[in-house]
Amino acid sequence: IQTQYKALRSAVGIAVYQDRTQVELTGKDRATLLHGFCTNDIKRLQPGQGCEAFLTNAQGKTIGFMNIFCEENRLVIETAPGQAEFIIQSLERFLIREDVQLTDRSDSWRQLLVAGPTAAALIEQVLGADITLEPLEHLQCSWQGQELAVRRVDFTCQPDFLIATETDHWQACWDAFSAVAEVCDASAVEIARIEAGTPIFGVDISDENFPQEVDRDATAISFTKGCYLGQETISRIDAMGRVNRVLRGIRMLSDEIPTRGDEFIREGKVVARVTSACWSYKLQAPVALAYVRREVSSLGSRLESSIGNAEVVALPFG
């Protein structure tokens, strides 16, 4: 795992990524529909651009956290595994006469993650395409007679890319990359993800969270886009300037690795709860993502737990 982690941090590593949800939206009203049910400005996206967004309910709670990629004739939602049916049902129930078709592509499209400082150079070497992309920009390219989508996601806080292809062509793509790059399993990628502070819906985010609690306002929320489902609550939180808890990094001051759901206390009160944790090779210490009460969420705040003390630190770690 340490060798794989080192590749992700200092060179390039690849990992299987086929379980992620991918939903395709087509039809002339696709941008208008999605714009009305998520926190970011979908209508401004041009082909080749993308954004993060929260899908919210009428109460302003988070029911999805996703990457959205705008292509010439479609939008693609890319998010955590197992979300396709819920996302499609949530959007389809508001369709009346709009020209929108939603299709679950999670099985028919597969992805591999190419991550690390030299990821772009490796992709250019293998695919023979110029990969000059900013975060969440993407492009289509042809390789060995098949169409691939290359999407920059910076999942591990490196120049990371998802390469999506039809399932029938995936093995050839995987073979080409695995021949020249370190193959990493889920454990190595998970350490890099946690160190980067990248949250996953269903793990670090649930329908109990308001979007602002995840602390990704700058990348995932537009406060000028106009009306959408849940906007009133989200705008009110913005006007008040605070939420009661926020996603933060926790660095343990002991050698014990927390587990999901572990609680931290301050002056006898529960003030933090862990969502993800690992041993950080970067910091040589256990670290965690946790929702921390606002009043103790400032950097350097000390917290207590049954497995040792900890401090609140900035994300990404280190």
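Modeller: A strand here is a DSSP run of type E with at least two residues, numbered from the N terminus. Please bear in mind that the model is predicted.

Colleague: Why is Phe54 called buried?

Modeller: The term buried requires a relative accessible area under 20%. Phe54 has a value of 0%, and it is therefore classed as buried.

Colleague: Which residues does Phe54 touch, leaving aside those up to four places away in sequence?

Modeller: A contact requires heavy atoms within 4.5 Å. On that criterion Phe54 touches Phe37, Cys38, Thr39, Thr62, Gly64, Phe65, Ile205, Pro211, Val214, Ala220 and Ile221. For Phe37, the separation from Phe54 is 17 residues in sequence, and the C-alpha to C-alpha distance is 8.7 Å.

Colleague: How do you know how compact the protein is for its length?

Modeller: The protein comprises eight helices and 17 strands. Its radius of gyration is 20 Å, and the globule rule gives 20 Å for 318 residues, so the protein is as compact as a globular protein of that length. The C-alpha trace spans about 60 × 50 × 30 Å along the principal axes. Under the same cut-off of 20% relative accessible area, 55% of the 318 residues count as buried.

Colleague: What share of the contacts with a separation of 6 or more comes from residues 24 or more positions apart?

Modeller: Such residues account for 67% of those contacts.

Colleague: Which residues lie nearest the centre of the largest pocket, and how is its lining divided by residue type?

Modeller: The largest pocket holds about 650 Å³ of space. Its lining has 34 residues, with Glu52, Gly197, Thr198, Pro199 and Arg216 nearest the centre. By type, the lining consists of 21 nonpolar, six polar and seven charged residues. Strands E4 (62-70), E5 (75-79) and E12 (245-252) each contribute at least two residues to the lining.

Colleague: What volume does the second largest pocket have, and which element gives the largest share of its lining?

Modeller: The second largest pocket contains about 340 Å³ of space. It is lined by 15 residues, the closest to its centre being Val16, Tyr17, Arg20, Ala186 and Val189. Strand E1 (13-16) and helix H6 (186-196) are the elements giving two or more residues to this lining, and the largest share, four residues, comes from H6. The lining of the second largest pocket divides into nine nonpolar, two polar and four charged residues.

Definitions and conventions
Residues numbered from 1 in each chain as written. Predicted model: local features only at pLDDT ≥ 70, side-chain atom pairs only at ≥ 80, totals over all residues. Heavy atoms only, no water. Buried < 20%, exposed > 50% of the residue type's maximum accessible area, 1.4 Å probe, protein only. 1 Å grid on protein atoms, 1.4 Å probe; cavity = no way out; pocket = protein on both sides within 12 Å on 5 of 7 lines; lining within 4 Å. Points joined across faces, edges and corners; volume = space filled by probe spheres on them. Nonpolar A, V, L, I, M, F, W, Y, C, P; charged D, E, K, R; others polar. Rg over C-alpha atoms; globule rule 2.2 N^0.38 Å.
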